[in-house]
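Subject: Handover of a structure

Dear colleague,

Please find the structure below, followed by an account of what was found in it. I would be grateful if you kept it open while reading.

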Amino acid sequence: MANSNAKQRTIQEEVSLEGVGLHTGKKVKLTFKPAPENTGYVFRRTDLEGSPEVEADVNYVVNTQRGTNLDKNGVTIQTSEHVLAACVGLEIDNLYIELDAPEPPIMDGSSKFFVEALEKAGVQEQEAEREEYVVNEIICYRDENGSEIIAMPADEYQVTTMVDFGTKVLGTQNASIERLSDFKTEIADSRTFSFLHEIETLLEHGLIKGGDLNNAIVYVDKEISEDTLKKLRVAFNRDEISVKPNGILDNLTLHHPNEAARHKLLDVLGDVALVGTRIRGKIIATKPGHHVNTEFAKKLAKVIKAEKRNNVPKIDLNQPPLMDVNDIMDTLPHRSPFLLVDKIYELTDSHVIGMKNVTMNEPFFVGHFPGKPVMPGVLQVEAMAQTGGILALKSVPDPENYLTFFMKIDNVRFKRQVVPGDTLIFKLELLAPIRRGICQMQGYAYVNGQLATEAVLMAQIVKSK
């Protein structure tokens, strides 16, 4: 995770829209309201007692049949993706989205009207910095139907979708967005679509109640019977309906030749918003759909959570360090074999990052499980404390005249063994300003990119001469 130096954003005032839900056909009013920092996107059902909230969180996804549906303690939000795509596309971080029905209004099947409403409300910058997940390695999810979503490193959030429905009328289409600022003009007005065979099934089961179908592009992928035409005329509330030369029902005109791929991109943005964190990286989605999008989002959310916990300091061990072992010996009184830190890479008023190479020649390996050498946990804590000593002694002008003594060690946890050949990275952060020579630090030791040891250390700086 990194702070992006950009500030979080919400809206200046509340704004409402009204329409019908696509699947429920019910009238619905949606209101966007400003939300405090670090809220994220939160849906509120004002038609239910107590206006229960459902966070836009991938762990609440229950069904992705037609749209991405959330459920928290029996409170549902249907088809969340078009609204969320608008929020992401306008780079708004914190919002309450109030609904007086389970489903946002479908409007014209795109995100355009939500974007317009949010812009009308005005974007408001907040104080807190925006956190971003920086994609450093390829993260991939594939399903059995040949759909695949990959996230890879890039300088900003980018998305490419590749759509192939194996039908003549739609063929293969691609769409891309290089920067979120293009969302409004390039992607927001791309409407949802379906194939005639899907529409026929939905009509038979009485599942499309969104009134007229004038909020979906219908691709005609088969011969159309007189009986179907009759049903469609009713569904669309039209005297006449026919198929255009480009294979689309004449209920709408395309906004873009690749509108289908652009709408799929809009869906990806909306579904991946459920990760709850801004992303810096490029997503490539081949044959995306709500199921694969949300499964990918779950995987990404797990990776982010693990990384937050493991928050391994990113240091380049090939760079010259801030302090080498000679500089360290000018500060600390310890000497071999009891000097347990080799290099210091970062040192500020509030944190320090150091490193120790654990070699087979360490004197403690001679007697500590000689057949299966493991670095004693207490010595890991000591090494961490020595690194912390450098942070503590930074607070005095003449560190060589001081010693640091342990006063207390709390919450020590050993997560994995440290063996010869390992490189230990230590990170210590002050928990409070140093007062009267007393220094409280949260310490972590990492091995191979994973947390090995953690502890809260308290030490006192004492003048030695």
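The side chains of Lys415 and Glu454 meet in a salt bridge, with 3.5 Å from N to O; a salt bridge is defined as a side-chain nitrogen of Lys or Arg within 4 Å of a carboxyl oxygen of Asp or Glu. This pair links distant parts of the chain, 39 residues apart: Lys415 is in the loop between β21 and β22 (423-430), and Glu454 is in strand β24 (residues 450-463). Helices (H or I, at least four residues) and strands (E, at least two) are DSSP runs, numbered from the N terminus. Lys415 counts as partly exposed because its relative accessibility is 39%, whereas Glu454 is buried because its relative accessible area is 15%. Here, buried means under 20% relative accessible area, exposed means over 50%, and partly exposed lies in between (1.4 Å probe, protein chains only).

Two points on the source should be kept in mind. This is a predicted model, in which local features need pLDDT of at least 70 and side-chain atom pairs count only at pLDDT 80 or more, while totals for chains, interfaces and linings use all residues. Residues are numbered from 1 along each chain as its sequence is written, and side-chain values use heavy atoms, with hydrogens and water left out.

Further salt bridges

A search of the whole structure finds 25 salt bridges. One of them joins Arg191 and Glu259, whose closest N and O atoms are 2.8 Å apart. This pair also links distant parts of the chain, 68 residues apart, with Arg191 in the loop between α3 (183-187) and β15 (193-195) and Glu259 in helix α6 (residues 259-272). Arg191 is buried because its relative accessible area is 6%, and Glu259 counts as buried because its relative accessibility is 0%.

Arg44 forms a salt bridge with Glu53, again with 2.8 Å between the closest N and O atoms. Arg44 counts as buried because its relative accessibility is 18%, whereas Glu53 is partly exposed, at 32%. Both belong to a network of salt bridges that links Glu14, Lys33, Arg44, Glu53 and Glu98.

The cavity

Among the lining residues are Leu22, His82, Glu103 and Phe114.

Backbone features

Most residues other than glycine have a negative phi, and most peptide bonds are trans. Asn38, however, has a positive phi, near 60°; it is found in the loop between β3 (27-34) and β4 (41-45), and is exposed, with a relative accessible area of 61%. Asn411, in strand β21, also has a positive phi, near 50°. Asn411 counts as exposed because its relative accessibility is 52%. A cis peptide bond joins Ser336 and Pro337, with omega about 5°; Pro337 lies in the loop between α8 (325-331) and β19 (343-347).

Yours sincerely,
A colleague

Notes
1 Å grid on protein atoms, 1.4 Å probe; cavity = no way out; pocket = protein on both sides within 12 Å on 5 of 7 lines; lining within 4 Å.
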